[in-house]
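Take a moment with the sequence and the fold before reading on.

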Amino acid sequence: MDAKVKAGIWVSMAIRLSDMAGRSAAVLRKGDPDSGGILCVLRGRGGVQVLSQIRDAEGRAAWLRATGPAAVDQETADAYVARQVQRDPDLWVVEFDAPDLQPPFEARLV
């Protein structure tokens, strides 16, 4: 099982990687700096996708395309994020410029 990185540190790393790739990024909502979950909003050419941080059956970190395999409109993405924040007030929400809807950080998508 891999070590769990504190949420605030992970967010800083992801924003730095995005910046190094020439993509803009912004924290839309700060969550718990130690143990908060993370949602990544990918803003692409054809719409938006939201990735949700999960663990697979073996306990490895992974990302779920929470709004589905295809891009959705902003209203749908906002509604998803709002529902998740209501369930988990410690949640971080980070937005990335992602023309290809691929995250600017290493991610195993499931």
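Gln84 touches Leu39 and Leu91, leaving aside residues up to four places away in sequence. Touching here means contact, that is, heavy atoms within 4.5 Å. Gln84 sits in helix H2, residues 74-87. At 16% relative accessibility, Gln84 counts as buried. The cut-offs are these: buried is under 20% relative accessible area, exposed is over 50%, and partly exposed is in between, with a 1.4 Å probe and protein chains only.

A word on the source. This is a predicted model, in which local features need pLDDT of at least 70 and side-chain atom pairs count only at pLDDT 80 or more, while totals for chains, interfaces and linings use all residues. Residues are numbered from 1 along each chain as its sequence is written, and side-chain values use heavy atoms, with hydrogens and water left out.

Now step back to the layout. The protein chain holds 2 helices and 5 strands. Helices (H or I, at least four residues) and strands (E, at least two) are DSSP runs, numbered from the N terminus. Along the sequence the pattern reads α-β-β-β-β-α-β.

Turn to helix H1, residues 7-20. Its 14 residues should span 20 Å at 1.5 Å a residue, and its end C-alpha atoms are 20 Å apart, which agrees. The expected span is 1.5 Å times one less than the number of residues. Which residues of H1 are buried? They are Ala7, Gly8, Trp10, Val11, Ala14 and Ser18. Seen down the axis of H1, these buried residues fall within an arc of 160°, so they line one face of the helix. The arc is taken from the directions from the helix axis to the C-beta atoms. An α-helix has 3.6 residues a turn, so residues three or four places apart point the same way.

What does the buried face pack against? The buried residues of H1 pack against strands E1 (25-29), E2 (38-44), E4 (61-65) and E5 (92-97). On the other side of H1, Ile9, Arg16, Asp19 and Met20 are exposed. Just after H1, Gly22 takes a positive phi of about 75°.

Finally, the chain as a whole. Of its 110 residues, 42% count as buried. Among contacts with a separation of 6 or more, residues 24 or more positions apart account for 70%. The C-alpha trace spans about 35 × 30 × 25 Å along its principal axes.
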